[in-house]
Amino acid sequence: MSSKRPLRKCLDIVPLHPDLMHVTSPELARRVQWIQANFLEGLPFPNDEFDFVHIKRIARGVPEDKWDDLFEEISRVMKPGGALETCHSLVNLLINLSKL
């Protein structure tokens with residue numbers, strides 16, 4: 001019985017992702033594709049591409065007037081009924097909120 005697992009696409013704005021061939025199994029490394037992009041320029045994915053989007057530690061990197069653009073772009077690439085998970089340091093959020 002063959003269990004074919006789908007390719008996973010991972011996106012980052014900076015090239016800080018690990019070389020999976022050195023930290024995990026070759027089978028997993030073949031199924032993960034890292035893509036570097038910036039949401040301000042549009043994400044390189046079609047509409048309704050992802051069931052799940054996870055973002056973290058971006059609070060200090062998003063210009064104050066671009067938060068709506070960020071969430072519009074995330075909404076565009078998420079499938080209907082998809083899930084969004086965000087993970088941010090309270091310190092980063094308090095710094096940003098104190099500027100409002």
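**Figure 1. Helices and strands of the predicted model.** Helices (DSSP runs of H or I with at least four residues) and strands (runs of E with at least two) are numbered from the N terminus, and by this rule the protein has four helices and four strands. Read along the sequence, they follow the pattern β-α-α-β-β-α-β-α. This is a predicted model, in which local features need pLDDT of at least 70 and side-chain atom pairs count only at pLDDT 80 or more, while totals for chains, interfaces and linings use all residues. Residues are numbered from 1 along each chain as its sequence is written, and side-chain values use heavy atoms, with hydrogens and water left out.

**Figure 2. Confidence along the chain.** The predictor's confidence in each residue is called pLDDT and runs from 0 to 100; its mean for the protein is 77, and 69% of the residues reach 70 or more. Confidence is highest in helix α3 (residues 67-77), at a mean of 92, and lowest in helix α4 (residues 90-98), at 57. Where pLDDT is low, the predicted coordinates should not be read in detail.

Figure 3. A residue is called buried under 20% relative accessible area, exposed over 50% and partly exposed in between, using a 1.4 Å probe and protein chains only; of the 100 residues of the protein, 22% count as buried.

**Figure 4. Two aromatic pairs.** Rings of Phe, Tyr and Trp (its six-membered ring) pair if their centres lie within 6.5 Å, and planes under 30 degrees apart count as stacked, over 60 as edge-to-face and the rest as tilted. The structure holds two aromatic pairs. The rings of Phe45 and Phe50 have centres 4.9 Å apart and planes at 85 degrees, so this pair is edge-to-face, and both Phe45 and Phe50 are buried. Trp67 and Phe71 form a stacked pair, with 6.0 Å from centre to centre and 25 degrees between the planes. Because Trp67 and Phe71 are four residues apart in helix α3, they are separated by about one helical turn. Trp67 is partly exposed at 22% relative accessibility, and Phe71 is partly exposed at 33%.

Figure 5. Glu73 lies in helix α3 and counts as buried because its relative accessibility is 13%. A polar contact is a pair of N or O atoms within 3.5 Å; within protein, one must be able to donate a hydrogen and the other to accept it, and residues adjacent in sequence count only if both atoms are side-chain atoms. The side chain of Glu73 makes such a contact with the side chain of Arg76, at 2.7 Å. Contact in general means heavy atoms within 4.5 Å, and, leaving aside residues up to four places away in sequence, Glu73 touches Phe39, Gly42 and Leu43. With those sequence neighbours again left aside, Phe39 touches Val62, Lys66, Asp69, Leu70 and Glu73.

**Figure 6. The loop residue Asp48.** Asp48 lies in the loop between strands β2 (32-36) and β3, and its phi is near 55 degrees, a positive value in a residue other than glycine. Most residues other than glycine have a negative phi. Asp48 counts as partly exposed, because its relative accessibility is 41%.
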